[in-house]
Amino acid sequence: HAVPRFVAQALLVAGLLGGLASLISSWTPRRAYAIAAIIAVFIIPPIIVAILGSGGVGTNTDIARIAVLLSPGDILVGTNAAIFGSIPDSPTVAALDMPGWTFVLAAIIGALGSIGLTVRRYRRIST
């Protein structure tokens, strides 16, 4: 009975990460720059979210909640928790206590938006 949940999570992961990677590479003139940019997009946002949501002096949870929805890794942690009904693996995502549907919606919007912008980019090149 868990197969549909695995398929849903796999589609969200593939759509979001693949869409973002293809979008970045479609707008980057050199392959090496594209690789560096893709790695940066997947590594840097979770670090920023962890700093914003750390609970230290001057922590603004509203900013952390917005930032977590801009971090692909944290979005996927949230979708995984929402789909499987578990507690998020990331302490930062768990501490923000956001509803699971926001992560699923963010993943769908990110995947469709990045794929749409990639298609738009290549249509402009071909004409």
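Trainee: Which residues of helix α3 are the buried ones?

Mentor: Ala 64, Ala 67 and Val 68 are the buried residues of α3, which spans residues 61–68. Buried means under 20% relative accessible area, exposed over 50%, partly exposed in between (1.4 Å probe, protein chains only). This is a predicted model, in which local features need pLDDT of at least 70, side-chain atom pairs count only at pLDDT 80 or more, and totals for chains, interfaces and linings use all residues. Residues are numbered from 1 along each chain as its sequence is written, and side-chain values use heavy atoms, with hydrogens and water left out.

Trainee: Why are the buried residues of α3 said to line one face of the helix?

Mentor: Seen down the axis of α3, they fall within an arc of 95°, so they line one face. The arc is that of the directions from the helix axis to the C-beta atoms.

Trainee: Why is Thr 79 called buried?

Mentor: Its relative accessible area is 0%, and the cut-off for buried is under 20%, so Thr 79 qualifies.

Trainee: What is Thr 79 in contact with, leaving aside neighbours within four places in sequence?

Mentor: Gln 9, Leu 12, Phe 103, Val 104 and Ala 107; contact means heavy atoms within 4.5 Å.

Trainee: Why does Ile 51 count as exposed?

Mentor: Its relative accessibility is 57%, and exposed means over 50%, so Ile 51 is exposed. Ile 51 is found in helix α2 (residues 31–52).

Trainee: How many helices and strands does the protein chain have?

Mentor: Six helices and zero strands. Helices (H or I, at least four residues) and strands (E, at least two) are DSSP runs, numbered from the N terminus.
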